[in-house]
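Thanks for coming. I have one structure to go through today, and I will keep to what can be computed from it.

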Amino acid sequence: MLFSVAALLVGASFAAAQASFTDLVGTWSSKSNSTFTGPGFYDPVNEKFTEPKHTGISYSFSQDGHFEESYYRAIANPTRPNCPKGIMQWQHGSFKKLDNGSLLLEPIKVDGRQLYSDPCTYGNAIYTRYNTTELFKGYEVLKDGYTGKQRLNLYKYDGSPLMPLYMAYTPPQMLPTTTLNPLTTATAGAKATSKVKRSDLPLDVNVLSKRTPQQKQADRWWWFGVFLTASGGALYYFF
Ligand SMILES: *[C@@H]1O[C@H](CO)[C@@H](O)[C@H](O)[C@H]1NC(C)=O
Ligand SMILES: *[C@@H]1O[C@H](CO)[C@@H](O)[C@H](O)[C@H]1NC(C)=O
Ligand SMILES: *[C@@H]1O[C@H](CO)[C@@H](O)[C@H](O)[C@H]1NC(C)=O
């Protein structure tokens, strides 16, 4: 009797762990719904990123504990608003749910890639290896009241929320979950390494400079400042 109760409890908690995983499974994407994980973002064979139509981020989680993430972000450049910097990042690996409800994402370190674009400083974009372990303090999956779509809220290590993500594909759209670009295979090693650090075409400034209303307001004041400076100069010359 005692044994069967214990067996039942173990069975129940196992089922609970499985169920709490299932809600994460799929490809999630931020509101612009144009940045996704999978081969459309990063091509590991040709070591190449494809720029999405809009900036955004995406996470995928598989039933068997693998994750993949894609980031395409503009980086604020307040001193030179017409010279937006941008970054593309991709990595994959395994994830687990900790006993306290946090999510730990551990990448395959040799596989992650980054393209950093700052055309006014460097001209070309810089393509390098990239890896970062991520801890999300917690998460919730709910039905968005406005769009009616499945929505994933991830909370960063400090408790602040990441931008909301919406279900885009299920089953998830992911590259193979094994190591894609091993550092040293006897034959391909040298070639693979030489491809990783290189310069590349800069990211599209028109996409990166699509600004939020707050940023637009800041820009207006910047132009207003330019105008005052210019007319001040004109006054100086006239009188
Ligand atoms: C992972 O990232 C860290 C920090 O940027 C770096 O020092 C390390 O070399 C990276 N590992 C690999 C295998 O690229
Ligand atoms: C859960 O444990 C991890 C590792 O010890 C810790 O970093 C994280 O902050 C904890 N999460 C919560 C919600 O306390
Ligand atoms: C996002 O795009 C995918 C693929 O085009 C589509 O299946 C999905 O419904 C879209 N999601 C939202 C929230 O619009």
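A definition to begin with: a polar contact is a pair of N or O atoms within 3.5 Å; within protein, one must be able to donate a hydrogen and the other to accept it, and residues adjacent in sequence count only if both atoms are side-chain atoms. This is a predicted model, where local features need pLDDT of at least 70, side-chain atom pairs count only at pLDDT 80 or more, and totals for chains, interfaces and linings use all residues. Residues are numbered from 1 along each chain as its sequence is written, chains are lettered from A and ligands numbered from 1 in the order in which they are written, and side-chain values use heavy atoms, with hydrogens and water left out.

Now the chain. Its secondary structure comes to 5 helices and 14 strands; these are DSSP runs, H or I of at least four residues for helices and E of at least two for strands, numbered from the N terminus. Of the 239 residues, 36% are buried, meaning under 20% relative accessible area with a 1.4 Å probe, protein chains only. Among contacts (heavy atoms within 4.5 Å) between residues at least 6 apart in sequence, 63% join residues at least 24 apart.

Next, the ligands. A residue is listed around one if a heavy atom of that residue lies within 4 Å of it. In the classes, Ala, Val, Leu, Ile, Met, Phe, Trp, Tyr, Cys and Pro count as nonpolar, Asp, Glu, Lys and Arg as charged, and the others, Gly among them, as polar. Accessible areas come from the Shrake-Rupley method with a 1.4 Å probe; for residues, only the protein chains shown count as cover.

Ligand 2 has Leu98, Asn100, Ser102, Leu135 and Lys137 around it. The side chain of asparagine 100 places an N or O atom 2.4 Å from an oxygen atom of ligand 2, and serine 102 has a side-chain N or O atom 2.8 Å from a nitrogen atom of ligand 2. On its own ligand 2 exposes 360 Å², and the protein buries 47% of that.

Ligand 1 is surrounded by Lys109, Val110, Arg129 and Asn131, that is, 1 nonpolar, 1 polar and 2 charged residues. A polar side-chain atom of asparagine 131 is 2.3 Å from an oxygen atom of ligand 1. The protein buries 39% of the 360 Å² that ligand 1 exposes alone.

What surrounds ligand 3? The residues are Asn33, Phe36, Lys149, Met167, Ala168 and Tyr169. Oxygen atoms of ligand 3 lie 2.4 Å from a side-chain N or O atom of asparagine 33 and 3.3 Å from a polar side-chain atom of lysine 149. Of the 360 Å² for ligand 3 on its own, the protein covers 56%.

Notes: Buried < 20%, exposed > 50% of the residue type's maximum accessible area, 1.4 Å probe, protein only.
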